[in-house]
There are 2 protein chains.
Amino acid sequence: MNGFMGKLLVVDLTNGQISTLPLDEGYARQFVGGAGLACRYLYERVDRRTDPLGPENPLMFMTGPLVGTEAPLCGRYVVCARSPLTGLWGESNSGGRFGPYLRFAGYDGILVTGKAPYPVYLSIWNGQAELKDARSLWGKDTYETQVAIRDELQRAQLSIACIGPAGENLVKYAAVMNDWGRAAGRTGMGAVMGSKNLKAIAVGGDFRVPLADEARFKAAAQAASEEIKADVKAQFLAAGGTASTIDTTMWIGDVPSKYFTEALWEPVAHLSGATMAETILVGKRACYRCVIGCGRVTSVTGKYAKEKIDGPEYETVVALGSLILSDDLPAVAYANHLCNAYGLDTISAGVTIAFAYYLYDRGILTTSDTNGLELKWGDIEAALTLLEQIAQRKGFGAVLAEGSRYLGRKYGVEDWAVQVNGLEVPMHEPRAFTGMALVYATSPRGACHTQGDMFLVDLGAPVPELDIQIGNRLESSEEKALMTARVMNWRTLYGSLVMCVFGNPQASNILAMLNGVTGWDLQLEDLLLLGERAFNLKRLFNGKLGLTAENDRLPKLLLQPLPSDVVETQVPDMGVLLPAYYRVRGWDSQTGMPTHAKLQELGLEDLAFS
Amino acid sequence: MNGFMGKLLVVDLTNGQISTLPLDEGYARQFVGGAGLACRYLYERVDRRTDPLGPENPLMFMTGPLVGTEAPLCGRYVVCARSPLTGLWGESNSGGRFGPYLRFAGYDGILVTGKAPYPVYLSIWNGQAELKDARSLWGKDTYETQVAIRDELQRAQLSIACIGPAGENLVKYAAVMNDWGRAAGRTGMGAVMGSKNLKAIAVGGDFRVPLADEARFKAAAQAASEEIKADVKAQFLAAGGTASTIDTTMWIGDVPSKYFTEALWEPVAHLSGATMAETILVGKRACYRCVIGCGRVTSVTGKYAKEKIDGPEYETVVALGSLILSDDLPAVAYANHLCNAYGLDTISAGVTIAFAYYLYDRGILTTSDTNGLELKWGDIEAALTLLEQIAQRKGFGAVLAEGSRYLGRKYGVEDWAVQVNGLEVPMHEPRAFTGMALVYATSPRGACHTQGDMFLVDLGAPVPELDIQIGNRLESSEEKALMTARVMNWRTLYGSLVMCVFGNPQASNILAMLNGVTGWDLQLEDLLLLGERAFNLKRLFNGKLGLTAENDRLPKLLLQPLPSDVVETQVPDMGVLLPAYYRVRGWDSQTGMPTHAKLQELGLEDLAFS
């Protein structure tokens, strides 16, 4: 089989055993790669007894068939495990070079089990893997760690994924950081690494990905690249970064502020790509084979001086800025840097901190809870202090390190926590795009915006070949449920490829790239099916861990009308949307799981749990 | 015939004769209404000997079949005449209430000829028209004029269209202002009013527009309203105004700066809807039966204090702001107010002033030309002074009052003037949207952005029912020429209806509204044909006045690459675009006029000039 070198590296950290597992082609044909394929491997290795932070929780780093090829925007990898933040399916993908370099090192993925007796890191170079002592790295931040490993390994073409203090300290939303400031941020995969005493993985080599039909593949990759370059949305990202459109999308209520209680906060424009370009921007970054290059590099002087900061991105400026009503861009960029260096997910960190601000404002929290910290709207200083406390699990940070759901529970207001199944809601308002309500409520990793970008589709980015249509962003209807499910299936396929959601060539070119690299003979109509299958596998994974239909819900705060006479928003009607979505999905309304008929249709009947 | 009361008011100012002309239903069926119908009337009344500022130039105020009905976004009127700025077809439409109120007064349009012996204004109330002495109004600004006429007429439901000092002083780009700050700005229709000693027209009454098929009409109007309300682009306009997306579209080079010589000037974000909302916004305005309400009302304190300003809109903040590198929003708003009060087109005024800045920067102009004024990039003070001088034709303003083409000619650099056929280019870069290059080069009134909005279509606002497709914004191709022609035909129909280009319901609902009000039995495929016919009639009008294929060109400055390593732009390849466009149009490449076959197809063969 081409398109995969065909092997996984298997590392048992407990005893240091390193072995190789041939990639199961049957699995790959069913689940493609990336998160879908990882879920297939983990499905049989995880159950309710698996402690997310115990040695028994298997951790996978996966690439996909297009990763490391000339396919545009496929220079990614994904980290998967049972999430310590949600207790459910955990996955987070990241760009940079780590994914391609892992394939160049000779492996399609890594399966890590056990726990090392002391901190180690894994080095994989040209098919040779070894565990190395990382005791001297423990406590170092992610930048120091990458510098130290580079110094030690002395390889020019190296990519490192690692954790910082947050991962070591098992902060529930600790990120895996790679290629300096790229983050696999969500669902706490950094904490899983920390729990295993695995500080880092360094990869590189000169293997190349074999192509089953080189001519077909290259023509499609070239066509896809040209299409992406011509896509005006990609051009916004290229020129202005992910925050380039924030000052526009705020007018329709897409940008949360004041802990999701306001529809419009105009100063958010001070956190825009334009303000960034005018003030702190010093450079740009593109991931491997990316024809966009949305990454920003900034530099801050003065009070929050930092010579080089990776970011901030859209999610970050909102989560660490407008959610607490701060429009101080240098401070927000600095907060971003703290997250990068400590290894924290900026979304969960920002939302959890903003929740604390909200509770403080409502009198639920006082300075006696916060170790004397005043949490006043607009004051980002306290947030900066909290970020450090969280990473170090000191002071009030020890509470916040457990995430929003825990914070709510601790103070008897779990309902108010803006999270779904433990994962904090990202920065696209479901009251601005009802499709996002379904995405958040039913995404396998909790509130996730990348496996279903209805906020983009309803703004005009449909996939006509797959009958994905622009809809009314505020509508709660059967049609909305149908479109949302389609979009989620489509983006789940992206998560299997692993491809960046900013790349939107014709589906036929993605198909030709996939067939060209693998030698498969898929048809256009197979693509959504592949996504749907992986999506349902993750659903089964969660079902096995106890998830039911009860879990498919939006937090209470997001079901209240947003006050604004300027911006039109709408509380999604979950009573309409969810039943329609269940029908479209072929899910049983009692169990919340795929019906037997649906499992048969997807070829998943053997994986049903009892 | 329904949908029209069926009569025009005909006013000969020279002798004060007022009469009524039944509306020609044959004309209406061919040209619908608005600018298309006005062109049909003027076609036989204008030739090369017609001095645009002479008594012989007929001036028409026209409504359309949907104006004054419940059709959304059709509360407009258009003013047409031979343009003193371009010497060619002149038209400019405006919202507010004047159009509907003119129909309520009993007329579908007004044809004004001659010249009054002294300043007069025309009052039309419930079918009664009279000319009234306006000598006491001469010299008053447009706000003072409207107040004085309201005081005199003592009617509650009144709408007034008028000129300010700029129109009186025959500034070539003087606007007609109505309903306080709404402007029919382009092509100098205000100067034509001024040349006729016609200071204002006041209209009102309680006639209502008859509906041929009320049920059909109302259902379609309701559906169209709902569609517009659900359109996310309309929502941006509603919440943030026309400048709501400026901070996003600048990333693709759509926003001109420094007199069209730079692709990106990030401080333009300081002129955005967001900055406006944060700083000077005090209210919003909607035109008659508008479900959007993009109009802004602002208030400025301090140096540029003005309690109430109508605007600024997108075109204005760019033309009077970023074109001279000023991001001083209060000053730009104040400049807007000066234009409103003097009655000046903000686009032509801004572009002409920016041309002077450009020439000053290049040393072509010195303080000896400008009466001592220094014109330095970023210094808006000089621009404010020039606006007053232009309106009063004082100092250097007497030169600028003639427009960009004249300014260029006077200093031997006509090539550098960013105008087409005398009309200054508006604020959408043809190097960001190659379709706009064709629109500007071939629009019947010179560089016009409203009769062909390829900048919106290529951003994702197509009309699938009419096979108008999203394209690559930077491409020069046959397909681009075809789409551009279709879009121009479509928007020309809007100009006939007269409907605002911000309203984009399904074409089938526009069709149903039009059939419902008129009793016609048009089919969907007739709509583009109606647009094409009116477009070609205007072409013939211009041809009769001397326009040839030689006139279809972009100014030199817009055919030079824009310097930017951030923003992707492309010089349109006119060598590809124009011949393709001629083919699509059925135009003769030598004469630049419709071929006989095309004229026959459009039923215009009788109007061919020899």
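This is a predicted model: local features need pLDDT of at least 70, side-chain atom pairs count only at pLDDT 80 or more; totals for chains, interfaces and linings use all residues.
Local features require pLDDT of at least 70 and side-chain atom pairs pLDDT 80 or more, whereas totals for chains, interfaces and linings use all residues. Side-chain values use heavy atoms, without hydrogens and water.

Chain A contains 23 helices and 17 strands (DSSP runs: H or I of at least four residues for helices, E of at least two for strands). Its C-alpha atoms fill a box of roughly 60 × 55 × 50 Å along the principal axes. Of the 610 residues in chain A, 66% are buried (under 20% relative accessible area; exposed is over 50%, partly exposed in between; 1.4 Å probe, protein chains only).

Over all chains, the structure holds 36 aromatic pairs (Phe, Tyr or six-membered Trp ring centres within 6.5 Å; planes under 30 degrees apart are stacked, over 60 edge-to-face, the rest tilted). Tyr259(A) and Phe260(A) pair edge-to-face, at 5.5 Å between centres and 75 degrees between planes. Both residues are buried. Tyr357(A) and Trp377(A) form a tilted pair, at 6.2 Å and 40 degrees. Tyr357(A) belongs to helix α13 and Trp377(A) to the loop between α13 and α14, so this pair ties together parts 20 residues apart in sequence. Tyr357(A) is buried at 0% relative accessibility; Trp377(A) is partly exposed at 22%. Ring pairs also link Tyr259(A), Phe260(A), Phe355(A), Tyr358(A) and Trp416(A) into a cluster.

In chain B, Arg585(B) sits over the ring of Phe535(B), at 3.9 Å.

How values were computed:
Residues are numbered from 1 along each chain as its sequence is written. Chains are lettered from A and ligands numbered from 1 in the order in which they are written. A charge sits over a ring if NZ of Lys or CZ of Arg is within 6 Å of the ring centre and within 35 degrees of the ring normal.
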